[in-house]
Structure formats: structure tokens, C-alpha cells
Amino acid sequence: MNTMIYPTTNFNAIEQLVVTRGEGVYVYDNTGKRYLEGMAGLWCTALGYGNEEVIACATEQMRTLTFAHMFGGKTHPAAMELADRLAAMVPVEDAHVFFGSSGSDANDTQIKLIRYWAEATGQPQRHKIIARDKGYHGVTVASASLTGLPANHTHFQLPFDALGILRTGSPHYYREALPGETEDEFAQRRARELEELILAEGPDTIAAFIAEPVNGAGGVIVPPENYFKYIQQITDKYGVMLWSDEVICGFGRLGKDFGATALGMRPQMMSMAKALSSAYIPVSAAVIPGSMYEALVEPVGKVGVFGHGYTYSGHPVGCAVASKVLEIYERERLFDHADNVGGYLQQELAGLADHALVGEVRGMGLIGAIELVANKKDKTVFANNSVAAYCQSQCEDQGLILRALGGNTMAICPPLIITAEQVDELVSKLGVALDRTLDYVAREGLGR
Ligand SMILES: Cc1ncc(COP(=O)(O)O)c(C=O)c1O
């Protein structure tokens, strides 16, 4: 009997794989078959599975204090320690941290903080947020409205217009550059378009520009080298806050502490989740600058309470686990490891670029993607996503989990602890899956 409504699933194709346990970078299904988890779950299990130190920490925290909330002036040591640790890590001035349990709720929180701040600073009209096409920022009503992917809007009556979310182009050079345009010209055009949008809407109505340093779910899009330099010139010029969605890129994914650091962004706001706790338990954080926090103090005092908070904001087990995970990242120098082994992953993936099915290989650090095309020369796309879905099934057949994203793009995002030998395993299995997919395309007459 099926009683579950599955998330982000085709209801006609449920229960394809039953995962029952995990160890290191591998997971096992209910028949005992082993898979290299090449997606770190959903871009999140940075430390891999079964880390005994994290498990011991969670167990100890559960014994000591299973739950404590932080409403009405109460607090507890685990959350205070994590907030201080994070605030000291992030490149945000006088950072203040609000805890939740998912990337979506962190982004929701940010939208509400922006609106509160706009009122608090006497500019209630300044609540609009610019988000990008192909961006992924979550699925709650507000965060899905930030997201720029059709499947997250269609039939949901989203985006929600009243939120004032504006859309600008994605930084995907391979797909969106004009004929003859260089990467740098493309990046400058994107910045110009952002400026035009800001001017058309009125600069004093725009609060923030949200961006993933490297887009994840929208196709693992690595922006051109100077993209954020040009973008930040515009956001700085109009006093628009740069909001870095670090839910995937944070904590080593791009080989640095944060995606913003790796791409030279100077964000005022940051959202994080996933690798913050290495997905051992759900924890998220919304980070804002001290100047924004200070502006809230007086109006909050007048209302009597900051009317936003989740039961699980700062859950003690989540916070203890996250602090432990951050300690392990630092002690084991895992961001450097991700940088090194990530360089190797990119080099090996690049070796697949000549494959007849591969339009583009892209990536940075320990995240990558391979876009499958019907015709390499003119970048013709396949009619639907069945080709990447087939490729995913052929990976799984060999004991490798990768994810077929929209646009027939295979995403790769292994745990940070992956070794060079395991990268070899991943890339060689992906190569076999590509060959089998090419046969499938020929068999089904899908190519051109
Ligand atoms: C960049 C980014 N932001 C936000 C989210 C939403 O996080 P969650 O699924 O934890 O709500 C995701 C999830 O993949 C993400 O990749």
C-alpha cells in the first residue's frame, strides 16, 4: 500500500530505489547492492555516511538536552555556540544568525527579515528582490517564488506576485550567450540587464539580489569568471544587498569555506543548510549584517516580540551536530581536500567532453554537470528529459547514483570525503553509462 506523497517525484514512477543504509561515500539498497553516492544525497551529505564522531555528538546531546526552544528570551548553549562559530566564519560584517531547519525556510526567513527591515528603516516600498532564471532557492510559497524553474511554479499558481520578486537572466554562457559574444561580454551584458531592471523598477524599491554562487538544481551553472565582479558593481551602485544562497555551495563544495569566497562575492546576506550539518540532522541558517539587525531592535520592541520563529529554530541536537561538523571540516582540512580532489574530478570529467552525447562539461570544486545534447555542433536539445533519465538508470545499474536534472543534464556532487580512487570509479561508470545512453539514443532514433 502506498500512502506517501513523494517530494519532487513523478507520481507515476515512485519507489524506484529503496535505500536502506550508508557507509562512507556508499549507500546500499534493500537487496544489498552498493552504490557510490555521487550526489551526496541531495547535495548535502558532505561527511558521507556513518561518521561515528557526529553520531556520538548527537547521542550525547540527546542525552543531555533533547529539546529546548528559544522563544521569549530562552536559549541554550548548543545554539549560542553554533551562532558564534558561524558568525566568526562568514564574510558578512557583524553577522547575526537565525536558525531553521531547511534551505527553503532560511530563504523564507530572509524575505521576512528584508520586509521587516524595509519598514524599520522607513522605506516600506524597498522590499523587492531580484532572482535569476534557473535559480533554485526552495519550495515554500516564498522561496519557490524566488526559484526560477518551471516545475516549481506550474499548477502552484506561483510565483506569488504580492512578494514583488523580479527575474533576471541566468549566467549560463553555453546556452544563453549571443552569437559571437565572449564570456566577458556576456557577463557584462547580464550586469547591464540587471541595472536596466533596477532602473525600470526604481532603485529605491529593490532590497536584494539573490544568487547561488554556482547554480545547483538549475543545471550546475558556473558563471563566467568576472560575472560577480560586474554584478556587484551594480548592486553596490544602487545599495542593493547581495544575497548569497550558500545552501549547496557553502562549506567546501567549491573548495573554499563558502561559494561567495570562491567566486569573489562580498555578500551582505547568506543562507545555508545542507552541509552545515552534513545532513545528519536538519539545520539551516539565515545570516544578515549587524546593521540590518540593529534596525529591527526598536520596532520589535514596540510590537513586543519578533513575530517569527520555528519550534525547531536552534534545535539543540541540530546545533550540536552542526558545531561538530564544522569542527571536523576544520580539523580534517576538508575544504582543502575538496579543492584538491575537486580539481581532479574536474580534470577527469573534462575527459568526457569529446563524447558524442556531451554538449558541455561544467563544474567547479566537487560539483559538476554534463549536459547531453542531440547534436554537439549546434547544441540541439532532445525533445524531453528521457535521455538523462536513461543515463541515470545506467549509472544506477552499475552502482552509481547521479541525478538527471532538467535539460538532460547529469549532475555530480559527491561527499567531500571522496578520494581520488573513488572519483575514478565515478567517472569510469559515468563513461559507461554515456556509451549505453548513446546506444539507446540510436536505438530509439532520438539523435540528429
Ligand atoms: C541553493 C538552494 N537553496 C535552497 C534550497 C532549499 O533547501 P531545502 O530543500 O532544504 O528546503 C536548495 C535545495 O536544494 C538549494 O539547492
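Where is Phe-258 found?

1. **First, the ground rules.** This is a predicted model, in which local features need pLDDT of at least 70, side-chain atom pairs count only at pLDDT 80 or more, and totals for chains, interfaces and linings use all residues. Residues are numbered from 1 along each chain as its sequence is written, and side-chain values use heavy atoms, with hydrogens and water left out.

2. **Phe-258.** Back to that question: Phe-258 is in the loop between β8 (241–245) and α9 (259–263). Helices (H or I, at least four residues) and strands (E, at least two) are DSSP runs, numbered from the N terminus. Buried or exposed? Phe-258 is buried, with a relative accessible area of 0%; buried means under 20%, exposed over 50%, and partly exposed in between (1.4 Å probe, protein chains only).

3. **Who touches Phe-258.** Setting aside neighbours within four places in sequence, Phe-258 is in contact with Met-89, Val-90, Pro-91, Glu-246, Cys-249, Gly-250, Phe-251, Met-270 and Met-272. Contact here means heavy atoms within 4.5 Å. As for Ser-244, Phe-258 is 14 residues from it in sequence and 9.4 Å from it in space, C-alpha to C-alpha.

4. **Around the ligand.** Look for Ser-102, Gly-103, Ser-104, Asn-107, Tyr-136, His-137, Gly-138, Glu-212, Asp-245, Val-247, Ile-248 and Lys-274, the residues around the ligand; to be near a molecule, a residue needs one of its heavy atoms within 4 Å of it. By class, this shell has three nonpolar, six polar and three charged residues. Its largest share, three residues, comes from helix α4 (residues 103–120).

5. **Ligand distances.** Which side chain has an N or O atom 2.5 Å from an oxygen atom of the ligand? That is Ser-104. The side chain of Asp-245 has an N or O atom 2.8 Å from a nitrogen atom of the ligand, and a polar backbone atom of Tyr-136 is 3.4 Å from a ligand nitrogen. On its own the ligand has 390 Å² of accessible area, and the protein covers 84% of that; the areas come from the Shrake-Rupley method with a 1.4 Å probe.

6. **Backbone spots worth a look.** The peptide bond from Leu-158 to Pro-159 is cis, with omega near 0 degrees, and Pro-159 sits in the loop between α5 (141–146) and β6 (165–168). Thr-8 is not a glycine, yet it has a positive phi of about 40 degrees. You'll find Thr-8 in the segment before β1 (19–23), exposed at 75% relative accessible area. Lys-379 also has a positive phi, near 60 degrees; it lies in the loop between β12 (367–372) and α13 (386–397) and is partly exposed, at 31%.

7. **The whole thing.** The protein has 14 helices and 15 strands. With 448 residues, a compact globule would have a radius of gyration near 22 Å, and the protein's 22 Å agrees; that radius is taken over C-alpha atoms, and the globule rule is 2.2 Å times the number of residues to the power 0.38. Buried residues make up 54% of the 448. Among contacts with a separation of 6 or more, 72% join residues 24 or more positions apart.

Key
A polar contact is a pair of N or O atoms within 3.5 Å; within protein, one must be able to donate a hydrogen and the other to accept it, and residues adjacent in sequence count only if both atoms are side-chain atoms. Ala, Val, Leu, Ile, Met, Phe, Trp, Tyr, Cys and Pro count as nonpolar, Asp, Glu, Lys and Arg as charged, and the others, Gly among them, as polar.
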